[in-house]
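Q: I am new to this model and would like a close look at one part. In what order do the strands form the sheet, and which helix packs on it?

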Amino acid sequence: MLKIITIGKKNNSWVIDGLEYYQKRLRAPWNVEWVLLANSSLEGPRARQEESERILKQIKPDHFVILLDERGNNLSSPELSALLEECFAHSRSVVIIIGGAFGVSSELRERADVVWSLSKLVFPHQLVRLLLTEQLYRAQEIAKGSAYHHV
């Protein structure tokens, strides 16, 4: 299982089109289940804490958790593919988290098995959803040995 938990509003139509483009090509165990949690009505640290608590309620003890954070470690596409393949080989469910605008709590950050940065740049949440989905498709194709990813 591959679950993406994200904070924020529903996807705009251009994001939906892009997500559908890649998601229809994802095959088990690479197919994605989305959990979209609403933004907190609070601000700053209180919003971060409240959103993080709601995310933590979605995570089970045996889940392998990847937190997206611009302060995390960069992974190449082949490294992401290998990491996910190892999880799937050990029958571990993978949860990828896209936190809210104010980030995530230290508790949630500590729960993460991997803190991954897509880039040192900061992107809008909806664009991150699309980039992430494309990278999951790319990781699947790398694992299959297809010609989609060129080294």
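A: Let's start with names: helices (H or I, at least four residues) and strands (E, at least two) are DSSP runs, numbered from the N terminus. This is a predicted model, in which local features need pLDDT of at least 70 and side-chain atom pairs count only at pLDDT 80 or more, while totals for chains, interfaces and linings use all residues. Residues are numbered from 1 along each chain as its sequence is written, and side-chain values use heavy atoms, with hydrogens and water left out.

Now to the sheet. Five strands build it in the order β2-β1-β4-β3-β5. The sheet is open, and its pairing is parallel (two strands pair if DSSP finds at least two bridges between them). At the edges you will find β2 (32-37) and β5 (114-117), each of which pairs on one side only.

You can follow the pairings one by one. Strand β1 (residues 2-7) lies alongside β4 (residues 94-98), and five bridges link the two in the parallel sense. Within that pairing, Ile4 has Ile96 of β4 as its bridge partner. On to β3 and β4: these also run parallel, joined by five bridges, and here Leu67 stands opposite Ile97 in β4. Finally, β3 pairs with β5 in the parallel sense over five bridges, with Asn73 bridged to Trp116 of β5.

Which helix packs on this sheet? The answer is α3 (residues 77-89), which touches β1, β3 (64-74), β4 and β5 (contact means heavy atoms within 4.5 Å). The direction of α3 makes about 165° with that of β3. Together, β3, α3 and β4 form a right-handed β-α-β unit: with the strands pointing away from the viewer, the path from the first strand over the helix to the second runs clockwise. In the loop between α3 and β4 sits Ser91. Although Ser91 is not a glycine, its phi is positive, at about 55°.

Helix α3 also meets another helix, α5. Their axes come within 8 Å and cross at roughly 75°, so α3 and α5 are roughly perpendicular to each other (65 to 115 degrees; under 35 counts as roughly parallel, over 145 as roughly antiparallel and the rest as oblique). On the α3 side, the residues in this contact are Ser77, Pro78, Leu80, Ser81, Leu84 and Glu85. From α5 they meet Gln135, Leu136, Arg138, Ala139, Ile142 and Ala143.

Helix α1 brings Trp14, Val15, Gly18, Leu19, Tyr22 and Gln23 to the contact, and α5 brings Gln126, Leu127, Arg129, Leu130, Thr133, Glu134 and Tyr137.

One last stop takes you back towards the edge strand β2. Pro29 has its place in the loop between α1 and β2, and the peptide bond that joins Ala28 to Pro29 is cis, with omega about 5°.

Definitions and conventions
Axes fitted to C-alpha atoms, helices over the stretch in contact; angles between N-to-C directions.
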